[in-house]
Amino acid sequence: MLYQVLIRLLSPLVFLITVLEAVKRHGGWRYFAQRLGLSSPTSSESHSLWIHCASVGEVKAAEALIRRLQADENLLITTNTPTGAQLIETLFQKSVRYQYLPLDYPYAIRRFLNNQKPQSLWVVETEIWPNLYRLAHNAGVPIQLINARLSVKTLKSPDWLKTLYRKTLRYVETIYARNASEAERFRTLGAATDKLVVLGNLKYAGLTPQPNYPNPIIQIAPTHAEYVLVASTHPGEEEAIVQLWLTLKRPELLVIVPRHPKRRHQILKALAAHRAQMAVLSLNEPLTPHTRFYLYDRIGALMPLYQHAKLVIMGGAFNPKGGHNVLEPASVKACILTGPDMSDFEEETQELLDHKGLIQLSELNDLYSLLPSLLDDTETRRSMGEAAFKIIQQKNHILDDYLTHLCPPNRINKRPSP
């Protein structure tokens, strides 16, 4: 009851935030209308398998699963964010149907369900929306949580909110947790033990074998064969690493890929003092012998960059953001460094650390002493990359495990033959 009152009281603020997000993140009218439940395009393809991915990370987690299913299943993919929508378009073009998920207002969810008539709902990772789950359940739509994870922060929520989460999880048929620690957190929150299955991290799926990507930097400028990649950066990380790079006076190019490419203007403003030494991909600026930094502001472009980087520094871990996916660079034998906050990838980070496939720093300033020696040590970088890749190879069964549990015979209607 409190939740229903709160979302109604906050409606004016939610409306304003939605408008701002539509403008700021270039979601446009489609984002505004679909998120507020004002529009939910009908489709002749009803009874779809509906997969919800909150944003970029969840889309990447589900990518291999979607690719295996799309030839045989009528898929509907939803996200919460324009960056998630952009990645869906980049990865799948128009081969899957896509919409934004409505905000958790009953009128919006009902309109979506009535128009789409999904047969099943798979929610990727950690989205728990009370009205969505209740109304989907009441409409006869079975709900599965896949690659499920739950933050420690959620377990520290107020009692009324944890009670709401516990009641909401009753509408879920099965919670496929990505590791035993996550399963235990769901159990602590109140999820029934018989609903919990540990299948591993779906982000391992589809990572092996990887193709031999062409080097995107050499294609742009053959004179910049060697580069260090700073991937998925957040505000504050770009400035700190650029300053560090200037102090080290390394000859390699520093390639920066922000987690949200739409932040280009803010990044350039923060790095204005170094603009003469920087080129920007989206502005079609050439790499010259004087270029020290390259802002590679394109979504979905990391795998080729990982494969050819001399070394990869993962962002989102030097600020309290929980870190980002270190499995992708591991799958192409990259030498990986990351920061202290890897709380979103605790088990995966620990496994790579245990096998010497990753170095985790206690703070960003540790790079000052570590980078020079590591960049000059080809054998150590090669050994780290090989160790990381070996871990990935050991997990190549995970996608098949998910498909075995999620798609037993007759569970999902196949796409009709033409």
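Are Trp-50 and Phe-112 buried or exposed? Good morning, colleagues. Trp-50 is buried, and Phe-112 is buried as well. Please keep in mind throughout that this is a predicted model.

Let me stay with these two residues. Their ring centres are 4.8 Å apart and their planes meet at 45°, so the pair is classed as tilted. Trp-50 belongs to strand 1, residues 49-52, while Phe-112 belongs to helix 6, residues 106-116; the pair therefore ties together parts that are 62 residues apart in sequence.

Helix 6 also holds Asn-115. This residue counts as partly exposed because its relative accessibility is 24%, and the cut-off for buried is under 20%. In sequence, Asn-115 and Pro-41 are separated by 74 residues, yet their C-alpha atoms are 7.0 Å apart in space.

I turn now to the aromatic pairs in general. How many does a search of the whole structure find? The search finds eight aromatic pairs. One of them joins Phe-15 and Phe-32 in an edge-to-face arrangement, with 5.5 Å from centre to centre and 80° between the planes. This pair, too, links distant parts of the chain: Phe-15 is in helix 2, residues 11-24, and Phe-32 is in helix 3, residues 28-35, which places them 17 residues apart. The two partners may be described by their accessibility. Phe-15 is partly exposed, because its relative accessibility is 42%. Phe-32, at 12%, counts as buried. Together with Trp-29, Phe-15 and Phe-32 make up one aromatic cluster.

Arg-178 lies over the face of Phe-345, at 5.2 Å from the ring centre. In a second case, the charged end of Lys-333 is placed over the ring of Phe-389, 4.9 Å from the centre of that ring.

My last topic is the nonpolar interior. In soluble globular proteins, nonpolar side chains tend to be buried together. Here, the largest nonpolar core has 108 residues, and Ile-51 and Leu-229 have the most contacts inside it. Which helix gives the most to this core? That is helix 4, residues 56-69, with eight residues. Apart from this core lies another, of 30 residues, including Ile-267, Leu-311, Leu-361 and Leu-364.

Finally, consider the surroundings of Leu-229. Leaving aside residues up to four places away in sequence, Leu-229 touches several residues, among them Val-255, Val-257, Leu-302, Tyr-306 and Ile-313. Thank you for your attention.

Note on methods:
Residues are numbered from 1 along each chain as its sequence is written. This is a predicted model: local features need pLDDT of at least 70, side-chain atom pairs count only at pLDDT 80 or more; totals for chains, interfaces and linings use all residues. Side-chain values use heavy atoms; hydrogens and water are left out. Rings of Phe, Tyr and Trp (its six-membered ring) pair if their centres lie within 6.5 Å; planes under 30 degrees apart count as stacked, over 60 as edge-to-face and the rest as tilted. Helices (H or I, at least four residues) and strands (E, at least two) are DSSP runs, numbered from the N terminus. Buried means under 20% relative accessible area, exposed over 50%, partly exposed in between (1.4 Å probe, protein chains only). A charge sits over a ring if NZ of Lys or CZ of Arg is within 6 Å of the ring centre and within 35 degrees of the ring normal. A nonpolar core is a set of buried Ala, Val, Leu, Ile, Met, Phe, Trp, Tyr and Cys residues joined through side-chain atoms within 4.5 Å. Contact means heavy atoms within 4.5 Å.
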